[in-house]
Amino acid sequence: MATVLSARAPTLAAGPLTGTPLILAAIMIGLGNFLVVLDTTIANVSVPTIAGALGVSSSQGTWVITSYAVAEAITVPLTGWLAKRFGAQRVFITCYLAFAVLSLLCGLAGSLGMLIAGRVLLGLCGGPIMPLSQMLLLRIFPPEKATLATVIWAMTTLVGPVAGPILGGIICDGVGWEWIFFIKVPVAAAGGLAVLYFLRGQPDPTAPAVIDKIGLVLLILWVGALQIMLDEGRNHDWFAASEIRWLAAIAAVGFVAFLIWELTDKNPIVDLRIFRHRGFVAASVTYSVAFGAFFATLVLLPLWLQQNMGYTATWAGYATGIMGIFAVVCAPSVGKLTEKVDPRLIVSLGIIGLGATVAWRMSFNSDVTFLQMAWPTLLMGPFMVMFFVPVTGLAMASVDPDEQANAAGLSNFMRTLGGAFATSIVQTGWANAARENQTELAGAMYQGQATLNGMMSDGMSHQSATAALTGIVESQSVMLATLNMFAAITICFAVAATLIWVAPKPKGPIDTSGAH
């Protein structure tokens, strides 16, 4: 996969940025990365509000999340070709400014279809921004300050997911869901224009580049069909519906055709030959599985809090976003630790810690307080950094030097898809578990009529008593379904923590500049 995550451009021939212009340019470039990462989580706590405003169910509302993630993942393989063909700087600034325009269109959307279309376009523009932001930061800083460039990029990547739920909740409750998109318009526009100003006259080399058109079409075909199947399957009784069977067939045939084409094409859009490296396979699969489990938690927790615990979007955002408090503080220490300790151990302990915080939530009940719920979320921060920072560097240490750029892109692609697929799967599992639990609870209520009689003797009408009892059963069934999902997520973390040990031990310190 042609990408530029870990590539460094040639040294600038003349007029390198220094002093204040260098710092301001770095901040504006990092801001672009921050906005893209922010967009992956800012809508999470807003899904119930958006769904209600547009007259759709919350399960349909999650398309706002998955459509963006899938589009972003599909664009990643194109980043290298775009940068080579048009210039990394030009592509970055174009995507930056387009991000502002498309955020405006998302906020103006009057239907779910319009919003999803806007989110798809937003994801297509956001995909190249993350890798190109790191490339440009490494380009404008002198080699001896490359670590500073990496730290700026890593901090914007870590702060984005933290700020997303908090900002999304406050904006949704205080102004309106449209403003989670409108607020990014002036920021992205100003940031893009600032980068254009500071980097004017800087070399932006281009070269003839070949794109694997058939591979790209096949990639879009099978990923799109699979994602639609996962999102819509629960609404159509899965394979009982002909459209779901067709989507499954298209995804399967498209995937096989994609594998065959990519393994035989001279310039594949996804270089599958990289999978011959055992260490890369172990690290990238670990990355995908663990990130999917992590992102599933970020999706499930706000939905449960708002739909069943009576939380506002603001407080659901606080409950989700506080994990970043310790994450930001611990990031520099973890980066130094990877130079001295086996990175497999750091990744494994980080994933185990994430799993433990989710397992902790399995003790929750309907009476859990905000403080009780906040502790495991708060403690996720250090473990999140232990997982995120070294895992991609570990994957890069397992491949040949000339394959590192492609390997970094492929790892990022798998991670993004893992998050999108996990969003759909956890929604389906949650809904199915709630139905099954409700059936079991209703069947176990041998004193149901007696309970109704007692409620009516206290002055309630038969209709009110029935509604109240039904509400209690539904609430408890959803509570149990949430615990079921926490258990499933914990198992995924346990599997991922084991997988990383399949990777061989690196021979020396790994480069964490490609992390995330």
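**View 1. Thr-377 sits in helix α17, which spans residues 370–396.** Helices here are DSSP runs of H or I with at least four residues, strands are E runs of at least two, and both are numbered from the N terminus. This is a predicted model, so to speak: local features need pLDDT of at least 70, side-chain atom pairs count only at pLDDT 80 or more, and totals for chains, interfaces and linings use all residues. Residues are numbered from 1 along each chain as its sequence is written, and side-chain values use heavy atoms, leaving out hydrogens and water. Thr-377 has a relative accessible area of 0%, so it counts as buried (buried is under 20% relative accessible area, exposed is over 50% and partly exposed is in between, with a 1.4 Å probe and protein chains only). Which residues does Thr-377 contact once its neighbours within four places in sequence are left aside? They are Leu-301, Ala-319, Thr-320, Ile-322, Met-323 and Arg-361, with contact meaning heavy atoms within 4.5 Å.

**View 2. Helix α14, residues 313–321, is mostly covered.** Seven of its nine residues are buried. Among the buried residues of α14 are Ala-319 and Thr-320, and both of these also touch Thr-377. Ala-313, Thr-314, Ala-316, Gly-317 and Gly-321 are on the buried list for α14 too.

**View 3. Helices α1 (residues 19–41) and α7 (residues 112–140) pack at about 150°, with their axes 9 Å apart.** The axes are lines fitted to C-alpha atoms, for helices over the stretch in contact, and the angle runs from 0 to 180 degrees between N-to-C directions. α1 passes α7 in a left-handed crossing (the near helix is turned anticlockwise from the far one by less than a right angle; clockwise would be right-handed). On the α1 side, the residues in contact include Leu-22, Ala-25, Ile-29 and Val-36; on the α7 side they include Leu-122, Ile-129, Met-130 and Leu-137. Sorted by class, this contact has 12 nonpolar, four polar and two charged residues. Ala, Val, Leu, Ile, Met, Phe, Trp, Tyr, Cys and Pro count as nonpolar, Asp, Glu, Lys and Arg as charged, and the others, Gly among them, as polar.

**View 4. Phe-92 and Tyr-96 make an edge-to-face pair, 5.4 Å centre to centre with 75° between the planes.** Rings of Phe, Tyr and Trp (its six-membered ring) pair if their centres lie within 6.5 Å; planes under 30 degrees apart are stacked, over 60 edge-to-face, and the rest tilted. Both residues lie in helix α6, four residues apart, or about one turn of the helix. An α-helix has 3.6 residues a turn, so residues three or four places apart point the same way. Phe-92 and Tyr-96 are both buried.

**View 5. Tyr-197 has a ring partner in Phe-198 and a charge over its face from Arg-200.** The Tyr-197 and Phe-198 ring centres are 5.3 Å apart with planes at 70°, so this pair is edge-to-face. Tyr-197 is partly exposed at 48% relative accessibility, while Phe-198 is buried at 17%. Arg-200 lies 4.1 Å from the ring centre of Tyr-197 (a charge sits over a ring if NZ of Lys or CZ of Arg is within 6 Å of the ring centre and within 35 degrees of the ring normal).
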